[in-house]
Amino acid sequence: MSQIQIPWQRWEQSGRVGGRAELHDVRLFSLNTVLRDFGAEPPYVADMEVEASVQREDGSAHVVVSAEYTLKARAFGPEQDRSEADTEPELVAAEVNFTMLALYSLRPLHDDADEVSPDELEAFAESTGLMALHPYARELIQDQTARIGLPALTVGVAQIAKID
C-alpha cells in the first residue's frame, strides 16, 4: 500500500499532547536508497510501510517523533505471467529506507494533570507526528526514485481512517 492510514482512535488519544505541542524542526536522520534491478521496466507499484515512535526524557519539555519508512518499488519480472488483470508485480526494482525526526516542545498546562502518559505520547507520534512528517517523506521518495532512474514515484497522502 502506498499511503498511510492513521486510526481515528489514535487522534482521540493524542488530544492532550497535540493541544500543547509546537513543531520546531524536521530532519532526515538516515537514508538508504538501492536500485535492485537496473533493467526493471514500468509500471512500478509502490509498497510503503511506516513505523512511528516517540522519545521523551523524564521532565523534559521536548518530544522527538521518529518515523521509519520502508518503500519498495515493484515491477514485473521477465518470467512473470501478466495475463491476469489482478496480477501484482513481484520483482523488487528499488528500495528507499529512511528515518525522519520531528522535534516538538510541549507547553505546560495550568492544572495538576500536567504529565501525559506514555500511551498519549505514542498516540501523538502515530497521528500528529506522522501527519507532520508525511509530506517530507513523500517529497524524499519522489526525489530518490527519480535520482536512481525510475519515474518519480508519488505515494498517497496520509489519511485518517475509522478502523474498528
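V63 stands opposite Y104 in strand 5. The model is predicted: local features need pLDDT of at least 70, side-chain atom pairs count only at pLDDT 80 or more, and totals for chains, interfaces and linings use all residues. Residues are numbered from 1 along each chain as its sequence is written, and side-chain values use heavy atoms, with hydrogens and water left out.

Helices (H or I, at least four residues) and strands (E, at least two) are DSSP runs, numbered from the N terminus. Two strands pair if DSSP finds at least two bridges between them.

Four strands make up an open sheet with the order 2-5-4-3 and antiparallel pairing. The edges are strand 2 (21-35) and strand 3 (45-55); each has a single partner strand, so one side of each is left without a neighbour in the sheet. On average, neighbouring strands are turned by 15° against each other, direction ignored. Such angles are taken between N-to-C directions and run from 0 to 180 degrees; the axes are lines fitted to C-alpha atoms, for helices over the stretch in contact.

Helix 3 packs on this sheet and touches strand 2, strand 3, strand 4 and strand 5. The direction of helix 3 makes about 135° with that of strand 5. Contact here means heavy atoms within 4.5 Å.

## Strand pairs

Strand 4 and strand 5 are joined in the antiparallel sense over 14 bridges. H62 stands opposite S105 in strand 5, and L71 stands opposite V96 in strand 5. Strand 2 also pairs with strand 5 in the antiparallel sense, over 13 bridges. L35 has A94 in strand 5 opposite.

Between strand 3 and strand 4 the pairing is antiparallel over eleven bridges, and L71 in strand 4 is the bridge partner of M48. Strand 3 and strand 4 form a hairpin with six residues between them. In the turn, G59 has a positive phi of about 80°.

## Aromatic pairs

Across the whole structure, two aromatic pairs are found. Y69 and F98 are both buried.

In the other pair, the rings of Y104 and F124 have centres 4.9 Å apart and planes at 80°, so the pair is edge-to-face. Y104 is in strand 5 and F124 in helix 3 (residues 118-147), 20 residues apart, and the pair links distant parts of the chain. Y104 counts as buried at 3% relative accessibility, and F124 counts as buried at 0%.

Rings of Phe, Tyr and Trp (its six-membered ring) pair if their centres lie within 6.5 Å; planes under 30 degrees apart count as stacked, over 60 as edge-to-face and the rest as tilted. Buried means under 20% relative accessible area, exposed over 50%, partly exposed in between (1.4 Å probe, protein chains only).

## Helix 3

Helix 3 has a kink of about 45° centred on L130. The bend at a residue is the angle between axes fitted to the seven residues ending there and the seven starting there. Just after helix 3, G149 takes a positive phi of about 95°.
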